[in-house]
Each structure stands twice: as C-alpha cells, then as structure tokens.
Amino acid sequence: MNHLEPASQSRQQQIFTVTRLNSAVRMILEQDLGLVWLTGELSNLAMPSSGHWYFSLKDMSAQVRCAMFKGNNRRVPFRPQDGMQVLVQARVSLYEPRGDYQLIIESMQPAGDGMLALRFEELKRRLGAEGLFDEGRKRPLPREPRAVGLVTSATGAALHDMLTVLRRRAPDLPVFIYPTQVQGSAATAQIVSAIMLANRRAEVDVLIVGRGGGSLEDLWCFNEEAVARAIAGSAIPVVSAVGHEVDVTISDFAADLRAPTPSAAAELVAPDRSTRAQRLVHLRQRLTQAMSRHQVAARHGFVLLQKRLDHQDPKRRLEQQSQRLDELDRRLQQHLRDRLHQGERRLANLELRLQAQSPEKALAAGKRRHQLAEERLHALIAKRQDLARHRLAMLGARLDGISPLATLGRGYAIVRTPSGEVIRRASQVNAGQTLITTLAEGALRVRVDEVHQP
C-alpha cells in the first residue's frame, strides 16, 4: 500500500476538470499572446440588443470567432457590414462554457478601400463644416474664355480626349498645359504646384483639373486636403474632371464645377463653333436693333431741342446770363469787402488785447506793486519798532517800580546775617549780634544793642 500511494497521488494531480482546463488554456492564450493585429473579412455579423457584436473574421483558408463588447465598439467610427475588410486589434482568448477559441476585439478600422472611404468621409465632413464646399463661394465659368488651362498628366488618355474636344469645338481657343503626375505619393504636391503656377501666370480664364478613371487608390491624390484647398483658393475658376461619372472625389466638391469626365469638362468650358456662330448672329441683330433705336431716339431729341431753341431767343438768354453774372460779381465784391472789414476789426481787437497784455506794461505794473509793497513793509517795520520801543519803556518803568534798587534809593535798607540770611522779623536777631546792612550805595556792618519784639 505504501508503494502505491505516490503513484495514486501523482495521477490525482494530473486530473483536470473541464472548467479548470478551459480556464487554464484561456489564461495561457491571453498571457502568452497578448494583443495582436490581424486583418480579415467580416462575416456572420450579429448585433443583439445587449450592444455587443459577434462575428467571424475570415480569409481564404480559415476563420475565427470574434466578440467585441459595447464598451469598445462604441469607439468604432463606421458601421461594419458582412464582407467588409477590416483591421482589428484583439486579445486571443477562449470562451470557457463551450471551449471555443475566440478573439476579443479591442479596436476596429477599415482595411484597404474601407480605410480610404473612411478617410474620404471624415475629410469631406471637416472641410464641409469649414465652408469650403459652400455653393455661395463657387463662381460661374466664363462664357467666352480667352484661354483654357489643363492640369493633368502629359501622357494620359485624358489629355488626348480633352484636346480632341477642344479642337473640335473651338479650334482657335488657346490651351495651356500644366503637366503633373496624377497618381502616386508625389502627385499631390505636383497638382498643388501646377494650380499655383497657373494662378501666378494668369494666362488662362478657366482651369480643368483631372485625369481618367482608376481605382480608389489611383484617384486618391484628388482626395487630399492640400489639393482641395488649392482648388478652393484658386483665383481662376476650376472644373474638376476626375475619373468616370461614378467616381466622386473631394476635388469635385471644392471645385467651382464638377464634370463627369475630362471630355465633358472640355465641352463645358469651350463653346461650340455653331453655337458661337449663332450667338454672333444674335448679337449682330441686337446691335443693329440697338443702333436703330439709338438713331430714332437721337432724331427725336434733336427735334425737341430745335423746338426749344425756337421758343427761346439766344440773345436775350445771353443778356440775362450777363446780368446775372454782374449781380454775382457785385455780391462777390460786397462779400469780399465785408470779410475784409471783419478781418480789420478782428485785427484791431487783437492789437488792443495784445497791448493790454504787453509785457512792458505788466513789468511796470509789477514794479509799481513791488515799490508799494516795499513802502508798506518799511512803514510796517517802523510802526512795529515804535510799538516795541514803547512797550520796552513801559516794561522798564514797571521793572524800575518793582526793583529792589529803587526801594533802596528811597532810603530803605536790606539787613542780612553774616551768613546771608535776610532779616524780616525782630525775633530773628539777638542782642549783641552783628548784621550786614545794604544801602542804595554801599553797606554797613552794625551790632544790635537791643531787640524790641512787637
């Protein structure tokens, strides 16, 4: 039993449930392969109410089931259909409940013509919203062009077809060719340069831009934004003639007129000889009728003028005009005299104002004001000095009145102790004490014999 237990445990470890196996395979596919890009044809497309998309992606030899959930398919800018070639980015996975190998689509875009068609619609929408295709900005073609310009390949069948039509309809109409590539990566820049060259030279009245038929890739240079803007910005009216009648390009929308084919464009710009002859006959008839009407009107006007002249005497009109001229001359002379008098009065007023504002008068007035101010200042100073002297005398008198020297001069004296104490009461002195008596002139040293108290 002990020898069999390891083998039994080993077999138990290798046993998978179906769910576990499918889960393990799904994890291996998603982790090892990650995101992959692939292209193929849509088939069996289903769009249930859940919003998810289910379809198959196939090529010539194989197919694979795919699922694209609504969180991702909302970002798809087109409506997928069966048979459409697409380019997808997907995760390789496994639908565990059935064990079906499938792709989980993360993004989808058209492949080949589908991609080009999507680019076409996006550019058409953007330029249309910008107003580049508005009918109001399109110009009519000249009815009688002086010259026609062709922007096309110098070796293409379209050039031969247009030249054939132009020679047949208007053999005397000058044609200028601006050769350019009409297919490939370099065609866009060359077409733009040719249109700009025709505008710089200004030697034609109308331009035909186009080429013969081809695939969508062959015609793609006429779907480029640069070509559309060059056509729309051309000062010369442009006819777009690209491919066959079923072919539609961005250039057709940007041009002033779209022709279904290059030959049709040549017929549109070149008047037919018979039509031109009929138009010349019609114009001659209109000119003859107009000249006849003009002659009749001139005769009628001459008769009216002659009648008016008969009713008016030229000499009298001349006299009236001469009299009016004299009147106008008199009024003019009077007006000139009035203006002269006004000018003289204004000049006199200005002279008076100038004299009144003369700098000499202003300076003299200033000097007088300064002199008066100086005299007033001196008088004020003298007055202030007199007042100051009077006040000083009064203050001196008052000071003399309260001065101790004045008191002493009247016979009074100041008595002090030798130490300088002033004696004001008899009680401050003792008999036999020596005192200093200050008089108005000089001092006395005295001794007290007796003290009498009050």
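Guide: Let us begin with Glu122, which has a relative accessible area of 36% and counts as partly exposed. The model is predicted, so local features need pLDDT of at least 70 and side-chain atom pairs count only at pLDDT 80 or more, while totals for chains, interfaces and linings use all residues. Residues are numbered from 1 along each chain as its sequence is written, and side-chain values use heavy atoms, with hydrogens and water left out.

Visitor: Why is Glu122 called partly exposed?

Guide: Buried means under 20% relative accessible area, exposed means over 50%, and partly exposed lies in between, with a 1.4 Å probe and protein chains only. Glu122, at 36%, therefore counts as partly exposed.

Visitor: What makes Arg125 exposed?

Guide: Its relative accessible area is 52%, and the limit for exposed is over 50%. Arg125 is therefore exposed.

Visitor: How do you know that Arg125 forms a salt bridge with Glu122?

Guide: A salt bridge is a side-chain nitrogen of Lys or Arg within 4 Å of a carboxyl oxygen of Asp or Glu. The closest N and O atoms of Arg125 and Glu122 are 3.4 Å apart, and the pair meets that limit. The two residues are three places apart in helix H4, so about one helical turn separates them. Helices (H or I, at least four residues) and strands (E, at least two) are DSSP runs, numbered from the N terminus.

Visitor: What makes Arg126 a salt-bridge partner of Glu122 and of Glu225?

Guide: The closest N and O atoms are 3.7 Å apart for Arg126 and Glu122, and 2.9 Å apart for Arg126 and Glu225. Both pairs are within 4 Å. Arg126 lies in helix H4 and Glu225 in helix H7, so their pair ties together parts that are 99 residues apart in sequence. Shared partners join Glu122, Arg125, Arg126, Glu130, Glu225 and Arg229 into one network of salt bridges.

Visitor: How many salt bridges does the whole structure have?

Guide: A search of the whole structure finds 14.

Visitor: Which residues have the most contacts inside the largest nonpolar core?

Guide: They are Ile191 and Leu207, in a core of 34 residues. H6 gives the largest share of this core, six residues. A nonpolar core is a set of buried Ala, Val, Leu, Ile, Met, Phe, Trp, Tyr and Cys residues joined through side-chain atoms within 4.5 Å.

Visitor: What does Ile191 contact beyond its neighbours within four places in sequence?

Guide: Contact means heavy atoms within 4.5 Å. The partners of Ile191 include Val151, Val209, Phe222 and Val227.

Visitor: Why is Ala226 called partly exposed?

Guide: Ala226 has 42% relative accessibility, and therefore counts as partly exposed. Ala226 is placed in helix H7 (residues 225-232), and touches Thr188 and Val192, not counting residues up to four places away in sequence.

Visitor: How do you know that E1 pairs with strand E4 and with strand E2?

Guide: Two strands pair if DSSP finds at least two bridges between them. Seven bridges join E1 to E4 (residues 85-95), which run antiparallel, and four join E1 to E2 (residues 53-58), also in the antiparallel sense. Both counts meet the requirement. Thr39 has Leu87 as its bridge partner in E4, and Leu42 has Leu57 in E2.
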